[in-house]
Amino acid sequence: MMQLARFFYDGARQVFSGSWLYRVWMLGLGAVVLMGGLMYSQQLEQGMIVTGMSDQVSWGAYIANFTYLVGVAAAAVMLVIPAYIFNRQDIKHIVLIGEGIAVAAVVMCMLFVTVDLGRPDRIWHLIPLLGRFHFPQSMLAWDVVVLSGYLLLNLTIPFYILFSRYRGKEPDLRVYFPGVIIAIAWAISIHTVTAFLFSSNVARPFWHTAVLGPRFLASAFTSGPALIILALQLIDRVTELKVSSTVIDLIALIVTISLQINLFLLGVELFTDFYFPTEHSASAIYLYTGLHGFNALVPWIWSAAALNLVAVSILTVHRWRGKRALLNAACLMAVVGVWIEKGMGLIIPGFVPTPIGEMFDYVPTQVEIGVSLAIWAIGLMIFTVLARVAIPIELGTLSYAGGDRTSGAARRSGARGTPGPHHPPMH
Amino acid sequence: MTEDVSTASTGAAAISRRSLLRKGSVLGAVAAFFGVGSAAAQEAVKDDSALADMWGDFFQQHYKKMSPEEVQAAIARIERKAKREYGVELTVGNEPPLEGVVFGYALNISKCKGVRRCVEACMAENNQSRDSQIQYIRVLEMDYGRMDLTLADGYYSAEAVPRPGKFYLPIQCMQCENPPCVKACPVEATWKEADGIVVIDYNWCIGCRYCMTACPYWARHFNWNRPKVPAEEINTDTHYLSTRPRAKRVMEQSTFCLQRTRKGRQPACLEACPTGARIFGNLLDPNSDIRYVIENKTVFRLKEDLGTEPKFWYYTD
């Protein structure tokens, strides 16, 4: 109990102290959150009329970001598998970073759904027993279950590991291995369920395809690990946690193969839509070429196509992928490319034309952009906080026995009241 | 009876929270969160019952879970709110489905001339927001020879209809026997009643709009802003599950005028149709007009291939 209190105390100390760069970073994010909060209050006060959404396009930037981020959350599994199943020590060293990204991404998902709700005050209607949870019929109810479960798994397993290390104990594989296995299956499920959220709609032929689930997974395992590559290099630079280049090489390979599969599946879809276009191809035609004079999404989707194609070319050639600058450029392009393809390029055209044929161009408003940026800022804050506590524990500089020996926090001398068992830090 | 309940629920809670009432700005923010407009929030500062009603609304249970007394209390709150906001005496009915009745609708497209009296009558009857122009019925104008909905015009304006070379297709909620909207709702805020009518508990809807995504007929509509109806245009004869005034940011859709049909009347759109294109009735009654149409005319249903089993038939002479 004492140890737990000390754990949170030391964690909080880590979060509330740091270099000026860290402070500026957190304050900057805080400012973005504040700005978004003001815009959200406008949405509450005036109604969702302040968004670009309408009866025609009834989901927009919020759900687009949500969909993308479920993929990012699921992608942590691509570190969990090599770390715990194949026992790659270099990956094990940084797997907590992946899980931190997953936590931040799931929280962002939940926030994006919440700001999209017309009546956030009634969110308790979703709580089983208290409200009326329409499970298992509603796919949205499924999504609530899988996302909350995934958040719980990604909080408990890393917590167990970190708390063990903090106390100077080696985490017992037998304790957390079942959790890891469940988390792996669960990661696949969150994105499959999110795909089913869309593909279950007979009213929306653009989404009503069996390939949507596999495509969601392929794009998730592209953009998520690509984001992880960028994050790891940043962490390597600004913290004392050093990331081995073998880690980057493995993740880069995962990104490459996933992007190849993703583009193949996209091609399969395009073939079906364009070889012999039917009424059901109307959304795809609207997306790629415009339809009846409506073409708001055309520049977006071709940008995505260009980004993804250049990225896959760089990644596929071994020599280019090996060059860090090129790899980073490719990862950035894949992240943005998938964000467009799965956000604006997937959610919006599903609504156009409407089920009774109306054409409509959706453009997000300032409020939607501001609120979305704020949620991204919250996600970055969560990730920063988690990484800030996890990294020194992982490195052994922050422990119950050893006190706080990190460079960021003020050094405390002497032993604490009840010294715990002292083990050398691992790795 | 209604009165008793209303005084009871206004009682102690309102008085104990009186101190809170003075903090108008805080209340305004809270009220905005609870979906009450700033006008109502200011109203709440002046009027005790408004705040008590706000809390009553917040903790209100699902329609099907409420006891008859709780339903009456909810109705009393709605009536008080209408009085406060519009100054009208509202009657909120709660008639259950009639025994042995399943409603169906048929529309003769060779008779429809696109005058859209049905649309006007529907808006007058159902208290939809005038401001945001929520219309349950959309009449599509199309060129003869094809039925490509993406080429149809749902916003045609013409001095005289029918225009040469055009035909008209009104589309509204089909009251599907297998409704995708009901399946989609994560909180069971929408369900199919025993008379086959799909209804929404406006007080339970969380506004996620998943039902809107699921509906193949574009029949569901969302209150993107605060619904506005001029007080003198409010239809005061309402039903809990249909025409009562709506809150912002919840879903709504046609109920085939259940506030009328459950009392043996015809839907407003049918009564307004000048060409007699619309037939409504009990599908379980072998002698009804609707049964006659289904059994003797050439009928079709929109998007029958989706398996939604619409209870809205189109037919020709």
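**View 1. An open sheet of four strands in chain B.** In this predicted model, 4 strands of chain B form an open sheet with mixed pairing, in the order 10-2-12-11. Strands are DSSP runs of E with at least two residues, helices are runs of H or I with at least four, and both are numbered from the N terminus; two strands pair if DSSP finds at least two bridges between them. Strand 10 (278-282) and strand 11 (298-300) of chain B stand at the edges with a single partner strand each, so one side of each has no neighbour in the sheet. From one strand to the next, the twist averages 30 degrees. Residues are numbered from 1 along each chain as its sequence is written, and chains are lettered from A and ligands numbered from 1 in the order in which they are written. Because the model is predicted, local features need pLDDT of at least 70 and side-chain atom pairs count only at pLDDT 80 or more, while totals for chains, interfaces and linings use all residues.

**View 2. Strands 11 and 12 of chain B, with a helix on the sheet.** Strand 11 of chain B pairs with strand 12 (residues 312-316) of chain B in the antiparallel sense, over 3 bridges. Thr298(B) stands opposite Thr316(B) of strand 12 of chain B. Helix 12 (residues 289-296) of chain B packs on the sheet and touches strand 2 (103-108), strand 10, strand 11 and strand 12 of chain B. The direction of helix 12 makes about 110 degrees with that of strand 10 of chain B (axes are lines fitted to C-alpha atoms, for helices over the stretch in contact, and angles run from 0 to 180 degrees between N-to-C directions).

**View 3. The contact between chain A and chain B.** Chain B gives 44 residues to the contact and chain A gives 41 residues; residues are in contact if their C-beta atoms, placed from the backbone, lie within 7 Å. On the side of chain B that touches chain A, helix 9 of chain B gives the most, with 4 residues.

Terms used: Two residues are in contact if their C-beta atoms, placed from the backbone, lie within 7 Å.
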